[in-house]
Amino acid sequence: MSITKSYEEINEKIKTGKVVVATAEEIIPMVQEEGVSKVLEKVDIVTTGTFGAMCSSGAFLNFGHADPPIRMSKVWLNDVPAYAGIAAVDAYIGATELSETKGEEYGGAHVIEELVSGKKIKLKALGTGTDCYPRKEIETWVDLNDLNQAYLFNPRNAYQNYSVAVNSSSRAYHTYMGILLPNFGNATYSTSGELSPLLNDPEYRTIGIGTRIFLGGGTGYVAWEGTQHNPAQQRDENGLPLASAGTLAVVGDLREMSSKYLRAGIFHNYGISLYVGIGIPIPLLDEEMVKKVAISNKDLKTTIYDYGIQRRSKPALGVVSYADLRSGSINLDGKQIPTAPLSSLDKAREIAKELKAWILSGRFYLTEPVAALPYRDGVKPLDEEVE
Amino acid sequence: MAKKRVVLTFPPELTEIPLTYHLVKDFDLAINILKAKITPGEEGKLVLELSNGSLEKIEDGLDYLEKHGVTIQPLSKEIVLDEEKCINCGACTAVCNSKALSMDADARLVFNKESCIVCELCVSACPMRVIKVMF
Ligand code: SF4
Ligand code: SF4
């Protein structure tokens, strides 16, 4: 009989300082050398990490009431419009929103990064003036401490796998996958591979709604499935998706976060994005989980797509492993194409190590999901209706 | 091996004379063309790396060009990288054909200035805007 472990047992070990944690990279040679059951006896938790551009990110802010009060219907933060179509002094600042004065070089992601760095932000708001909210305009400066609530709420983060981008056309393309050189001049990819959270729990057994995570340097939670969550993606014999699949909506207090793990980025001629650091602990509940976390870059695959074709469905050109991508070049129909990563493996490692340190020091406990993520539905396209 | 990087500006009437051929043939210089913008009948620009066993030969070659009306400036532009702010993502390596920017075995960015041809492609490829051209 092979052993099993419960969340309670693992948390008890954290409490008594007996817990054993390994990062998703460290666990691979351990399983290869000692085998699945030995590792299950020894190790309780595997920590994962990722640090990359996650466009679908933003923060809810509550500014508190001014005197006389205003019902803010339009809000700008450092000249970046925030969505104010919610209650009087609530707003949502989206990462990709552009500044009305600085254009492509400054946006919502920069506002969020400056807030977490403790900087003052210029708040400008307009209201219509009502009986209970007579004021029509306000302009002032706020920092993170002045706000009642400031929490990151990212509708789609931590993509489970992502495509490799190449460009068959004769001109360079500026994309969210970086600058793609013409005639298959390069190939870019954006996943931390064997360290990636959802690739270590491919069927969402332990990552679900309510899972406590490392988010932007603070503690966060999985709030929901992410937008475009696509568990129905084609999978291999290990249950691993061969292209982008599951996603997570995550939430966490901005006040706990740091600009070390939350950074604004600019994609030339494309737009602005927020680089978000996420780390998720995977409890080794049984041998099945050990087998999942032991899968290495050699066996993790993703699909190459041609971004030179500007259509919804880009042609798939083949499948490669993360070991191939990391080697510096891939072979596509006999042509060697140099590869370049876009998400930071270095930072992903730092996050997995940091989360490991949190657990070992008793600062971070595991939570059992309160509900599972959907595991069936696909993603619908938007087809235009003709009148 | 002596090396020199120079920016050459040709007046329109000179763009059709094979000056670089003479550099190789008469002065025994090895030439590496880093950048070229030459259209017949217009002012041309050429960024070259010249090398030879002796610096004197290189200087002689450059004197020869100057006598023919070519303006010579040292290649003074350089790429600087703020390592503090770099996140080691690797996006810049995607456009660096000369491999001056690459990722090492620890997934950290390495910048080898020697191989940089100052094409400036990496400047806009860096999402953190930490790569700058300095004059
Ligand atoms: S300027 Fe060009 S050659 Fe130099 S590091 Fe940047 S991309 Fe590479
Ligand atoms: S693109 Fe910028 S941040 Fe990323 S590795 Fe290159 S220099 Fe560093």
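**Ligand site and ring pairs**

Trainee: Where does ligand 1 sit?
Mentor: Ligand 1 sits in the second largest cavity. A cavity is a set of points on a 1 Å grid over the protein atoms alone where a 1.4 Å probe fits but cannot get out, and a molecule sits in one if more than half of its atoms lie within 2 Å of its grid points. This is a predicted model, where local features need pLDDT of at least 70 and side-chain atom pairs pLDDT 80 or more, while totals for chains, interfaces and linings use all residues. Residues are numbered from 1 along each chain, chains are lettered from A and ligands numbered from 1 as written, and side-chain values use heavy atoms, without hydrogens and water.

Trainee: Which residues are around ligand 1?
Mentor: Among them are Cys96(B), Cys116(B), Cys119(B), Cys122(B) and Glu120(B), each with a heavy atom within 4 Å.

Trainee: Different topic. How many aromatic pairs over all chains?
Mentor: The count is 16, taking rings of Phe, Tyr and Trp (its six-membered ring) with centres within 6.5 Å; planes under 30 degrees apart are stacked, over 60 edge-to-face, the rest tilted. In one of them, Phe60(A) and Tyr151(A) have ring centres 5.9 Å apart and planes at 45 degrees, so the pair is tilted.

Trainee: Is Phe60(A) buried or partly exposed?
Mentor: Partly exposed, at 27% relative accessibility; buried means under 20%, exposed over 50%, partly exposed in between (1.4 Å probe, protein chains only). Tyr151(A), at 34%, also counts as partly exposed.

Definitions and conventions: On a 1 Å grid over the protein atoms alone, a cavity is a set of points where a 1.4 Å probe fits but cannot get out, and a pocket is an open set with protein on both sides within 12 Å along at least five of seven lines; lining residues have an atom within 4 Å of a point.
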